[in-house]
Amino acid sequence: MNNEDKYLASAFRDVDSSHVEKMMICLDSMQSMPCFLAYKKRTIELLGIDSNSKCLEVACGLGDDLARLGRYCSEANGVDISARLIEEARRRWTSDNLHFHICNAEKLEFPDAYFNSVRIDRSLQHVADCEAVVAEMVRVTTTG
C-alpha cells in the first residue's frame, strides 16, 4: 500500500479502484451529521429551485443530496465517475424524477444551458482539472 492509499480523502479520486465499501460507509456517515445536513439544506435553498427546475448534482456519490434536490424540482440528474457509487445510488433512490449517470465531470454529457441549477459539494478537491469541471458546470447551466 502506497502512502496515498492510506488516506481516505485521496481514495475518492478513484473510488472504484479503492475500498468502495469503506467509501460508502464514509459517505453515509457524513449524511448523518447535523452540521453536514444543515449546510446541505442551506446550499439547496440558495439554488432557488422550483417545481419546474431541472437540476444537476455533480459528483453525486450515493445520491442523498440529489434525492433532496428531487423533492423541489421536476428533474434531478446526478453524475459521478464511479460506476459503483452510481449503481448503489440507483438501488437506493428510485423516484421517477431522479436520474443517475456515470460521467466524467470534465466532459458533461448534457446540452448547453440545459439545467436551471448545478451543484457540487466538496468534490473539486478530488478531480484532476477543477477549471474544466467548473467550465462544464457553467456551460450546462442556463443564464439568470
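1. Contact range. Among contacts (heavy atoms within 4.5 Å) between residues at least 6 apart in sequence, 57% join residues at least 24 apart. This is a predicted model, in which local features need pLDDT of at least 70, side-chain atom pairs count only at pLDDT 80 or more, and totals for chains, interfaces and linings use all residues. Residues are numbered from 1 along each chain as its sequence is written, and side-chain values use heavy atoms, with hydrogens and water left out.

2. Fold pattern. The chain has six helices and four strands. Helices (H or I, at least four residues) and strands (E, at least two) are DSSP runs, numbered from the N terminus. Along the sequence the order is α-α-α-β-α-β-α-β-β-α.

3. Surface and burial. The chain has 144 residues, and 43% of them are buried. Buried means under 20% relative accessible area, exposed means over 50%, and partly exposed lies in between (1.4 Å probe, protein chains only). The accessible surface comes to about 8200 Å². Carbon and sulfur atoms hold 52% of that surface. Areas follow the Shrake-Rupley method with a 1.4 Å probe; for residues, only the protein chains shown count as cover.

4. Main core. Which residues have the most contacts inside the largest nonpolar core? They are Ile49, Leu66, Leu69, Leu98 and Phe100, in a core of 13 residues. A nonpolar core is a set of buried Ala, Val, Leu, Ile, Met, Phe, Trp, Tyr and Cys residues joined through side-chain atoms within 4.5 Å. Two or more residues each come from α4 (64-70), α5 (83-92) and β3 (98-102). Helix α4 gives the most, with three residues. In soluble globular proteins, nonpolar side chains tend to be buried together.

5. Leaving out residues up to four places away in sequence, Phe100 touches Cys60, Gly63, Leu66, Gly78, Ile86, Ala89, Arg90 and Trp93.

6. Ser53. This residue sits in the loop between α3 (34-46) and β1 (54-58). Ser53 counts as buried because its relative accessibility is 5%. A polar atom of its side chain lies 2.9 Å from the backbone nitrogen of Asp50. Such a polar contact is a pair of N or O atoms within 3.5 Å; within protein, one must be able to donate a hydrogen and the other to accept it, and residues adjacent in sequence count only if both atoms are side-chain atoms. Not counting residues up to four places away in sequence, Ser53 touches Cys73, Ser74, Glu75 and Asn116.

7. Positive phi. Two alanines deserve a check. Ala59 is not a glycine, yet has a positive phi of about 60°. It is found in the loop between β1 and α4. At 26% relative accessibility, Ala59 is partly exposed. Ala113 also has a positive phi, near 55°. Ala113 is in the loop between β3 and β4 (117-120). Its relative accessible area is 40%, so Ala113 is partly exposed.

8. The structure holds ten salt bridges. Each is a side-chain nitrogen of Lys or Arg within 4 Å of a carboxyl oxygen of Asp or Glu. Lys41 and Glu45 form one, at 3.9 Å from N to O. They are four residues apart in helix α3, so about one helical turn separates them. Lys41 is exposed, at 53% relative accessible area, whereas Glu45 is partly exposed, at 44%. Glu88 and Arg92 form another, at 2.8 Å from N to O. They too are four residues apart, in helix α5, and therefore about one helical turn from each other. Glu88 is buried, at 14% relative accessibility, whereas Arg92 is partly exposed, at 28%.

9. What is the burial state of Arg119 and Asp121, buried or exposed? Both are buried. They form a salt bridge, with the closest N and O atoms 3.8 Å apart. Salt bridges that share partners join Glu57, Asp65, Arg68, Arg119 and Asp121 into one network.
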